[in-house]
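Subject: Handover of a structure and the findings from it

Dear colleague,

Please find below the structure that I am handing over to you. My notes on it follow directly after it.

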Amino acid sequence: MNALPWFLLVAPLLSAVVIFATLLRSPKVAAGISIGACAISFAIALGLKFGSLVAPVAIPWITLPGLAIEIGFNADALAQMMLLVVTGVGLLVHIYSFAYMDGDKGQARFFAELSLFMFSMLGIVIATNFIQMFIFWELVGLSSYLLIGFWFEKKSAADAAKKAFLVNRIGDFGFLVGIITFWGLTGTLFFDPATWTAGGDSAKGITSLVDLQANPKFATLIHVMGFGLFMGCMGKSAMVPLHVWLPDAMEGPTPVSALIHAATMVAAGVYMICRIYPVLAITPLLMTFIAAIGLITLLFAAVIALQQDDIKRILAYSTLSQLGYMVMAVGLGAPAAAMFHLTTHAFFKALLFLGAGSVIHAMHHEQDIWKMGGLWKKIPLTFWTFVVGTAALTGFPFLAGFFSKEEILMAAWHGHPFHFGLAALTAALTSFYMFRLFFVTFFGECRSEDAKHAHESPAAMWLPLVILAIPSVIAGFGFVGIGHAFHDFFHHAFPAFIHAEHSHEGAGIVMSISIVAFLAGLGAAAAYYLKGPAKDPMPAMPPVQNKFYIDYIYDNAVLGVQAGIARMLNTIDYWLLGTIFVRGSATFVSIGGELLRLFQTGNMQTYAFLFSLGAALLFYYILFLI
Amino acid sequence: MLPIVPTLLSFAAAVLCLFLPRHSPGLVRWIALATAAAGLSVSLACWCMYDPGQSGFQQVVAVPWVPDMAIWWRTGIDGVSVTMMVLTGLVAVAGVLISWDVEHRRSEFFAWYLVLIGGVYGVFISLDMVLFFIFYEIAIIPKYFLIAIWGGERRTYAAMKLALFSFASSTLVLFSILAMYYGSGSATLDITQLTRASNFSQGFQYAIFPVLFTGFGILAGMWPFHTWAPTGHVAAPPAASMLLAGVVMKLGAYGCLRMAIGTLPAGAQAWAPMFAILALAGILHGALAALAQRDFKYVIAYSSVSHMGFVLLGLCSLDRTGLTGSVLQMFSHGVLSPLLFALVAGIIYSRTHTRDLAVFDRFGERMPVIATFTVVAGLAAMGLPGFSGFVAELHILIGAWRQPAIANVVVVLAGVGIILTAAYTITRLHMAFFQKSVEPPPEVPWPQRFAPPHPREIAICVLLLGFSVWIGLYPSPMLRQIESGLNSIVAHYPTRWR
């Protein structure tokens, strides 16, 4: 009975294997199995949180002297909440995909890959140690690669998949370096802080993280460790400068965007740095860096979102921006606020992406918002749920996003005025670009034939929208409870590293500022876009439209340099080494051959002379020298 | 007695192949297959019978051979050698299957093939340095003929290059063996004894270790002596590429471990940091060069150099975990690179008749099953969790990290090698299967669908991939075997970190 929770992982894995192995030709059955597997995972997540299920015993994987690695099951409060988010949003996305992917020739493969993704993601959440997390971390990279490149016949999709995989791999490299350093310093690979003190290298006098921090001998290594681990987060959570893969990843089917680029995969990075928060918190320089990267990302992405025209890309940049808020919160010492925002964001961003999918479905796969317009009458259910999602994201008072964003702003308010100022400004920008998207898509005149003939999506698609919208509306205050739960968790888990009391001082001012920011953005967007103009009245800003040329620079600089090095090495191999070692020795041999040929004259007398000479020398040797 | 069987059986079958009547050409390949399969079965039996709880070599056979010169027929197995035997058996079976349709001088082909296999098995069971060297030489000669007679473009150049490098390797090894014979004082060449009580003077070890390690390192593809590998691999017929990458390169690494590191600990400790840098150079050079190739077979060939760099880095760690990872990497690369060679040079090439990635046009749609196998094999070789390469590389990096003599920067840069590996794997797979062709195909347009894989071809993929997955998911049994085999070697090296 105690093994039951393992089905959380086993069910999606089995689903993926069974579909890949036998069901690629029967899409409906495949979809059913995949949805069922996800439902089982969701049920177990519920059982862990609210029922009597407890975490099962870990399974040993590698047991060598000096290296023991297990596959464990972590079900503490943090993991429980994350499991609910992942499986809950995942289940709705599965159901939604049943309709969205209907008729696609790869539907069965899609569901197999979706199940593989769920397996990998859940593995990250329940990991008890670094190696286990890294294994599933890599598998998430793989399954997202498969899902982004699902329509691999399309060049853009195949390229986006490749980009996502490689950029993530750069982050993974840092993560691996961080893990090995961590292990070298503490002698353990477990997340549980209790083992950090027990398993440390007593010969060096390390008994806790605080000792590590105090010992100047390890100053360099703890920085390597911290920056390495955070690099893992930068790859997965798409922080600047490793952000480039996320917007491109929108080439995948829309449910994939909703699942992995809103609720789960990108959240894994934030989850990871919250899970190991103390390891990062011992390095103040790193914390400053994390906050700065978060701040840069949130502002940068919001600015780019202002001038994008593709509905999914706007949402993608808004995801980047929101992830920036979360990472900044961790850097400012408020992991609870980050996790809180992660949770609320997962729901309303999934809602927005699925809503966008419904719009795109209605528009026959048109994604340009300037070809839409007037859709509110045509697809009312999508419209109303989109209203909720937009309001929640932009911080409409007393909806989900309002509370979580306010917590992050509070963390900045205490002692970080610069961060606070820019974060509040970005809140206004967020409100502006989201309402721009919203007004242009749903209001004004229909700007294309597709828009005129749009019709509502099937129930399997709008039902998940409605279900996701409900918590964002009526359970706004309920989310505050979740925020408190996260605070309690971090207080208990890492008492030495979390500031003693969460201060509410200034809450009134912060709340007022965030409402003002929301209204400012909404007002500006309404002034420009409410009437539904035919084209963007904002002056075009080429740097913004071109995402500040970063992709361009990467493509040319990085690839050019790398290709140059590669070609140079190839040449070295081919000419230098080949010439010196091989031609050189070949020349040596052929010269030797020329010399030896002098003896092979074909002249009988010469041979006879040489033979007698040899015999004479041999006799001389035997007779006189031995 | 059992571990000797595969060697003798392979030699006997090689002779038999040559004397078969000409009018039954099909028989010879069945004989080859039966021999390879028997070798694999015996190796697996040895693997199962090997008891990791006992220390030292097992199933030892020791018969005086040339007693005056202290040369013995001395064979036996430990956890390392038995793992290598299983690897040899696997590659041998897969190699016969991929050569099923060799027409040109078939009997000779399989005769050379079996001699090569027999020599390789012999090296892995040898416990006497001279016997070791004899088998090592036996394994080298057939390579030349397999490439020179049955090879592809530039085969004579490649065969000659390979032969020259191999003889350079042999010369250094032979010199070291002779030196050790005189230097040991006890005039013995018994590897067990020399490993147990290494009594060479420190100065002798400092002098001989680099010679011996370089000698074997040449065959293991150690930078900068790796250049024989890409040309040799590419010019060779598929089965020979598989054997070269799969087991012959492992002979070099095995020699480094068994002879150099096992018997010259003081020399190893002095020189390992230097060789670690060469290993790193191999990792990075191989990966970067692979990134610049458009011939699919060259990509795999350079990736072998890169992966063997990891093997050598693990050896240089001189650490229990690192050495275990190194041997596991030998096994992992030993099954995966032959698989990739079989796919690229055999299965795909037999359909496309070109390996130029620039003319490959979205073959994922034209050969879905083969493409799937190739992508999975590529991801496995890349070190994705769930496959053997990940477990091996993890052990190597951890082992190297805790060796204080190896700078941390070396390990971090080896980690960069992992990024580069991903880069060339993903970009080349994309060129092959998911992208439109960069240049138009040579003559006729590609068919909508290529011929589906033959059951024999699927058998190759499943056999080799199966072992990689098994090790990737449940590495403990094999790690236990390897680790117990390393006990006598790591005893020389102090544990610095726990």
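A:Pro241 is placed in the loop of chain A between α9 (219–236) and α10 (245–248). Helices here are DSSP runs of H or I with at least four residues, and strands are runs of E with at least two, numbered from the N terminus. The peptide bond that leads from A:Val240 into A:Pro241 is cis, with omega near 10 degrees.

The model is a predicted one: local features need pLDDT of at least 70, side-chain atom pairs count only at pLDDT 80 or more, and totals for chains, interfaces and linings use all residues. Residues are numbered from 1 along each chain as its sequence is written, chains are lettered from A and ligands numbered from 1 in the order in which they are written, and side-chain values use heavy atoms, with hydrogens and water left out.

Chain B has a cis peptide bond from B:Trp223 to B:Pro224, with omega near 0 degrees. B:Pro224 belongs to the loop between α8 (202–219) and α9 (228–235) of chain B. In another loop of chain B, between α5 (129–150) and α6 (155–183), lies B:Arg154. B:Arg154 is not a glycine, yet its phi is positive, at about 50 degrees.

I turn next to the packing of helices. Two packed helices are described by the angle between their axes and the distance between the axes. Axes are lines fitted to C-alpha atoms, for helices over the stretch in contact, and angles run from 0 to 180 degrees between N-to-C directions.

In chain A, the axes of α12 (residues 265–275) and α16 (residues 335–362) come within 10 Å and cross at roughly 155 degrees. α12(A) and α16(A) are therefore roughly antiparallel to each other (angles under 35 degrees count as roughly parallel, over 145 as roughly antiparallel, 65 to 115 as roughly perpendicular and the rest as oblique). The contact (heavy atoms within 4.5 Å) joins A:Ala267, A:Val270, A:Tyr271 and A:Cys274 of α12(A) to A:Pro335, A:Ala338, A:Met339 and A:Leu342 of α16(A). These residues divide into 8 nonpolar, no polar and no charged; Ala, Val, Leu, Ile, Met, Phe, Trp, Tyr, Cys and Pro count as nonpolar, Asp, Glu, Lys and Arg as charged, and the others, Gly among them, as polar.

In chain B, helix α1 (residues 5–18) packs with helix α2 (residues 25–49) at an angle of about 175 degrees, their axes being 9 Å apart. α1(B) and α2(B) are therefore roughly antiparallel to each other. Among the residues that make the contact are B:Leu9, B:Ala13 and B:Leu16 of α1(B), and B:Ile31, B:Ala38 and B:Val42 of α2(B). By class, this contact of α1(B) with α2(B) has 10 nonpolar, 4 polar and no charged residues.

For α6(B) and α8(B), the packing angle is about 150 degrees and the axes are 8 Å apart. This pair, α6(B) and α8(B), is therefore also roughly antiparallel. The contact includes B:Phe165, B:Leu172 and B:Phe175 of α6(B), and B:Phe204, B:Ile208 and B:Phe216 of α8(B). Its residues are 14 nonpolar, 6 polar and no charged.

How do the chains meet? In chain A, 48 residues are in contact with 53 residues of chain B. The area buried between chain A and chain B is about 4,800 Å², of which carbon and sulfur atoms give 73% (buried area is the accessible area, with a 1.4 Å probe, that two parts lose on being put together, summed over both). Across this interface of chain A and chain B, the rule finds 0 salt bridges (a side-chain nitrogen of Lys or Arg within 4 Å of a carboxyl oxygen of Asp or Glu).

Over all chains, the structure holds 23 salt bridges. One of them joins the side chains of A:Asp159 and A:Lys155, at 2.7 Å from N to O. A:Asp159 and A:Lys155 both lie in helix α6 (residues 155–186) of chain A, 4 residues apart, about one turn of the helix.

With kind regards
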